[in-house]
Amino acid sequence: MKHTCPTVKSNTSVKFLYYSENDKGHSGSGFGSSIIFEDINGDGLDDLLVGAPLQYNDVLDSGVVYIYYGDTDVTEYTTKSEWQNLQGILEWGRFGTAMQCIGDINKDGYKDIAIGAPYEENKQGAIYIYHGGSIELTFTQKIKAQDISSNLHSFGWYISTAYDIDNDNYQDFLVGFYMSNTVTVLRGRPIIKLNNTIELFPSDIPLNSSELKCRDELYRPCVTVRLCFSYTGVSVPDSIFLDYNLSSDIRRTLSTPSKPTRVHLSTETEEFESGNLERKRFQVRKLSESCMEFFAIVKALDRQFFASLDEELEMETTYKLSDTPILGEVQPVLDNNLTTNRDIASFSTGCNGTCHPDLRIESTLNPQEIILGVTSEVEVTVKVTNKGDLSHGTRITIDISNNTRYIGFSQPTDEVTEPVDCRNIVDENKEMHLQCDLRNTLLQRQIVIVNARFMVSRDLLIKYGENLDNFEQQLVFNTSVEATSTDMDISDNWWKLIANVKLHVAVQLNGISRPDQLTITEKQIVNFVHTYNVKNEGPSPLYNGSISICLPVINDDGNIMMTKEMIQISGHSSRITWRVVEFSGENFNGHFKTNFSTTEPLTNQGSTEPSTSSNTTQQSTQGRRRRETKQILKEISCNTVDSSNYAIIEINIDLLEKGETDTFNVLVNIRKDSLNFTKVAGVVYKSLATLKSENNNRQLILATNSSIIEVSSEIFPTEITVDTVESKQSSIWISIGSGVGGFAGGLLLLVILALSLRKCGFFTRQKKEVVEEWKRKSNFNERSKI
């Protein structure tokens, strides 16, 4: 079926054009429910607008308005390329139910159109205002029923012809609500044509803002943002209020994922907390440009900022007319509901294109040797020099040794250095790093120096009671430097520091004999104990300390004093182990023993304990004064016998903390028949203890008193023999005849006896002292009293 529709040409007669309804969409679309003839594109030819409120594409009954532009070259509308669709938005809205030309309401020289959609918004309805123009139409204003009253329905069912009711040079029109039995008047208001500019200067942002108006006290990079507004229109008020938003770094904030803005905003009088301003109000006056300035200042010259130098800084402003009315003025409307404007600026790298720094690092560690128990702190000094282009985002990293703890950092005050900010971080592997970021760009030949301090303690190096085999022997710090741009030579961007951890131990070794003097009894084994005390005077714990004990086992007469099986060590500490490594010239490599004897000396072969109770009178105590006549005592020690005649016992102390003392006993068991007292009053038996000093990468062991300690025991026979007294023997034969008598005979006898005694040395002091010495050693006087 064909329908005709006239098109009106200026200064021409009316012609009828034919078209097919099948070209206009779905059957039952209501095509032709509303029709307008108006020249809406300003070409002098009337255009045809046809409503199809029941038409739908993807949305049911959303409605469509078809526009057919007048053309002098055609007589029929036969192709779809000659018409434009205005599509309804909401389901069941029935856009295009009513249409009307409402005149040139925005005074731009083009006639404008109002189109009703009475069933939108839950049948409350709305009308759309389209401004005519030479390009395709888009609505510039949507008036909803609920903006007038929440009780109105079917707003937009009818739209009247426009008429200037109030003589304000703006067209007014009526809108009917058939479901609410209501008609409302929509008065035309002044239309504002708002002009806006946003400008960032300088467009090439230097990294040092000392010469810029926007600079702050730190001279961080900044840019001035100038925002200007002006407006035009017919019968518009002398001033208007705008609501505007200003957003910073929108390319980053609107990216996926979103990134934070790099700047914050301020003015000469006000500091804002962020880079965005929202719902700010500004008054603009007619016939002039109204401007304001903001400063966008980089928040921090950190590594994140320098890594983003290639990203432009883009600022955006959005604005609209304020809803606040102006007293005595008709509230104008904007020809667009919302307007957006943007401008960009770039950060200057200071290089021709991409910067290529040449960073070089040097690091030192003080002290280089860590003494456990003494050293409590170490300092790592890092010095970085730039030999190439500007270095942006320079970062110094110190990989912290896992047996230290970070204390803090400082920078020298007597040397030129660039400032840094340092922070201690722990990565996903629980490893600690110190990261120091430069606050500014490191220029060519500039230097940065950082001193980082770290704590060292016994708890960090090794736990108490743990085997020192497991403690870290070194502190290791890896230092490095990098920038956000590629370094010219990365071979000198790394430096490794190593500090040796060492044990310094001062050992005091002492020994005593229990008893220090004894007299041989009838028993076959002579027993006594040599007790040694080992004290660690620090400052470090003693680890694997070694003491060798030398015991004579064969005297110089070749008599065996003890066998290897008779050697015993007693004690109460599990930290001490021992073994016989040499006996009578034979070497042994057996395992260390920990099965200490907890008793006193052996009792094998009829041996006895050291004399007690009734035997106490036969032995001296430790405090008894040593005898003065030493030349008659025979020494038996490792110094007096051949190397094949003694035994070496190795004592090992596993771990001895500072201030601790450990004790072990050497149980000496000597066969009685191996002792020879011929021509001597007694025997001095000596054991010899030698502390093994060390000075290696791990440990330094030194003795505080002496590294060699002798412990002596004096042994005396029960009775002194005639061989003990060195005297000249003389035989005296006195024949006293029975015929000699009287006084003369008696006197002669006394003279002969006196001469004999003198010849025997009876009246000499030396022989008397020998006798007294023997009496003291044999406890003769004590036994006489008993």
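**Entry 1: the three-stranded sheet**

I began with an open sheet of 3 strands, which I read in the order β11-β12-β13 with antiparallel pairing. β11 (155-159) and β13 (182-186) are the edge strands; each has a single partner strand, so one side of each is left without a neighbour in the sheet. From one strand to the next I noted an average twist of 40°. I keep in mind that this is a predicted model.

I then looked at how β12 (residues 173-177) is joined to β13, and found 5 bridges between these antiparallel strands. Which residue of β13 is the bridge partner of Gly 176? I found Val 183 there.

**Entry 2: a nonpolar patch**

I looked up the surface patch made by Trp 157, Tyr 158, Tyr 178 and Met 179; this patch is nonpolar and covers about 430 Å². Met 179 sits in the loop between β12 and β13. Its relative accessible area is 40%, so I list Met 179 as partly exposed, the class that runs between the 20% and 50% limits.

**Entry 3: Thr 197**

I located Thr 197 in strand β14, which spans residues 191-201.

**Entry 4: cis peptide bonds**

I noted a cis peptide bond between Phe 201 and Pro 202, with omega at about 0°. Pro 202 belongs to the loop between β14 and β15 (204-205).

Another cis bond runs from Thr 256 to Pro 257, and here I read omega near -5°. I placed Pro 257 in the loop between α2 (250-253) and β18 (263-266).

**Entry 5: positive phi**

Where does Tyr 219 lie? I found Tyr 219 in the loop between β15 and β16 (222-232). Its phi is near 55°, a positive value in a residue that is not glycine. With 39% relative accessibility, Tyr 219 is partly exposed.

Asn 544 is a non-glycine residue with positive phi, near 50°. I found Asn 544 within a strand, β36 (residues 542-552).

Notes. Residues numbered from 1 in each chain as written. Predicted model: local features only at pLDDT ≥ 70, side-chain atom pairs only at ≥ 80, totals over all residues. Heavy atoms only, no water. Pairing = 2+ DSSP bridges. Helix = DSSP H or I, 4+ residues; strand = E, 2+ residues; numbered from the N terminus. Axes fitted to C-alpha atoms, helices over the stretch in contact; angles between N-to-C directions. Patch = residues over 30% accessible without salt bridge, like charges linked within 9 Å, V, L, I, M, F, W, Y side chains within 5 Å. Areas by Shrake-Rupley, 256 points an atom, 1.4 Å probe, with all protein chains shown as cover. Salt bridge = Lys/Arg side-chain N within 4 Å of Asp/Glu carboxyl O. Buried < 20%, exposed > 50% of the residue type's maximum accessible area, 1.4 Å probe, protein only.
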